[in-house]
Amino acid sequence: MYMKCLAIQSSPNLNGLTSSLAQAVLNGVKTEGGVTELIHLNKFNVKPCIACENGWGLCREKNRCVQDDDFEAIRKQITDADVVVFATPVYWHDLSESAKRFLDRLRRCESFAFKTFTGKKIIGITSAGGSGRGAVRALYNLEEYLRRLGFEIFDLISVTRFSKDHKLSMLEEAGRRLVRE
Ligand SMILES: Cc1cc2nc3c(=O)[nH]c(=O)nc-3n(C[C@H](O)[C@H](O)[C@H](O)COP(=O)(O)O)c2cc1C
């Protein structure tokens with residue numbers, strides 16, 4: 001069986017910086033014979049969490065969100081992948097709105113008994129294409145989500161427009177290592 005790597009990127013610019021960083025990892029995965037998939041999160045309908053029931057959410061018992069949108073399908077794609085990349089642009093020193101919306105839902109559904117992602121390797125990437133400010137703060141916030149979700153953090157990488165040229169090749173190498181290790 002081939003190793004499958006799913007990358008999720010949460011910028012509306014399908015060919016922008018964030019997307020190119022996710023693609024760099026996938027290119028590395030491909031050179032080692034892995035199978036890749038890229039999700040542009042903003043193309044999907046993912047509603048905000050409604051904190052149903054008493055606030056803990058029905059997903060805690062049912063392992064399924066009560067809302068009808070694209071969330072569960074993307075969640076399944078993560079479950080089916082061997083390794084994952086999550087890349088977000090930095091907006092206001094934080095994750096993008098679509099990233100926060102999706103990760104809030106995922107945290108709700110995954111934080112309790114299910115442990116679906118335990119031991120699944122992930123690379124978290126923040127892409128700060130403006131001044132570069134907030135790249136690390138956003139990465140800190142992304143780490144909180146990813147650890148809460150139970151992923152095994154393979155790397156956390158902040159990129160600015162000043163560092164992108166050397167980080168692109170580093171990300172490709174990270175992709176190769178994801179397959180090898
Ligand atoms: C609403 C908004 C807020 C932003 N805030 C920051 C910021 O805090 N720091 C920064 O370096 N860049 C900031 N940027 C620039 C984005 O990080 C930059 O556009 C990012 O690289 C996204 O690239 P991409 O859309 O090409 O993937 C902001 C952009 C927008 C649209």
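Two residues are in contact if their C-beta atoms, placed from the backbone, lie within 7 Å. This criterion is used below for the contacts of single residues and of the protein.

The structure is a predicted model, in which local features need pLDDT of at least 70, side-chain atom pairs count only at pLDDT 80 or more, and totals for chains, interfaces and linings use all residues. Residues are numbered from 1 along each chain as its sequence is written.

## Overall fold

The protein has six helices and five strands. Helices (H or I, at least four residues) and strands (E, at least two) are DSSP runs, numbered from the N terminus. In that direction the order of elements is β-α-β-α-α-β-α-β-α-β-α. The radius of gyration of the protein is 16 Å, close to the 16 Å that the globule rule gives for 181 residues, so the protein is as compact as a globular protein of that length. Here the radius is taken over C-alpha atoms, and the globule rule is 2.2 Å times the number of residues to the power 0.38. The C-alpha trace spans about 50 × 40 × 25 Å along its principal axes.

Of the 181 residues, 41% count as buried. A residue is buried if 20 or more other C-beta atoms lie within 10 Å of its own, exposed if 12 or fewer, and partly exposed in between, with C-beta atoms placed from the backbone. Among contacts with a separation of 6 or more, 78% are between residues 24 or more positions apart.

## Strand pairing

Two strands pair if DSSP finds at least two bridges between them. The pairings described here are as follows.

| Strands | Sense | Bridges | Residues standing opposite |
|---|---|---|---|
| Strand 1 (4-9) and strand 2 (35-40) | parallel | six bridges | Ala-7 and Leu-38 |
| Strand 1 (4-9) and strand 3 (83-89) | parallel | five bridges | Cys-5 and Val-83 |
| Strand 4 (121-128) and strand 5 (152-160) | parallel | eight bridges | Ile-122 and Ile-153 |

Strand 1 pairs with strand 2 and also with strand 3. Strand 1 is mostly covered, with five of its six residues buried. From strand 1 the chain passes through helix 1 (residues 17-31) to strand 2, and this β-α-β crossover is right-handed. A crossover is right-handed if, with the strands pointing away from the viewer, the path from the first strand over the helix to the second runs clockwise. Strand 4, helix 5 (residues 135-148) and strand 5 also form a right-handed β-α-β unit.

## Helix 1 and Ala-22

Which residues does Ala-22 contact, leaving aside its neighbours within four places in sequence? They are Ala-7, Gln-9, Leu-38, Val-85, Ala-87 and Ile-125. Ala-22 lies in helix 1 and counts as buried because it has 30 C-beta neighbours inside 10 Å. Its C-alpha atom is 6.7 Å from that of Gln-9, which is 13 residues away along the chain.

## The ligand shell

The ligand is surrounded by 19 residues, of which the closest are Gly-16, Thr-18, Ala-128, Gly-129 and Gly-130. A residue is near a molecule or strand if its C-beta atom, placed from the backbone, lies within 6 Å of it. The elements that give two or more residues to this shell are helix 1 and strand 4. Helix 1 supplies the largest share, three residues.

By class, the shell has six nonpolar, 12 polar and one charged residues. In this scheme Ala, Val, Leu, Ile, Met, Phe, Trp, Tyr, Cys and Pro count as nonpolar, Asp, Glu, Lys and Arg as charged, and the others, Gly among them, as polar.

## Loops on either side of helix 2

Cys-52 and Glu-53 belong to the loop between strand 2 and helix 2 (59-62). Cys-52 counts as partly exposed, with 15 C-beta neighbours inside 10 Å. Not counting residues up to four places away in sequence, Cys-52 touches Gly-57, Leu-58 and Val-66. The C-alpha atoms of Cys-52 and Gln-67 are 9.9 Å apart, at a sequence separation of 15 residues.

Glu-53 counts as exposed, with 12 C-beta neighbours inside 10 Å. Although Glu-53 is not a glycine, its phi is positive, about 55 degrees.

Asn-63 lies in the loop between helix 2 and helix 3 (71-80). Asn-63 has a positive phi of about 55 degrees and is not a glycine. With 14 other C-beta atoms within 10 Å, Asn-63 is partly exposed.
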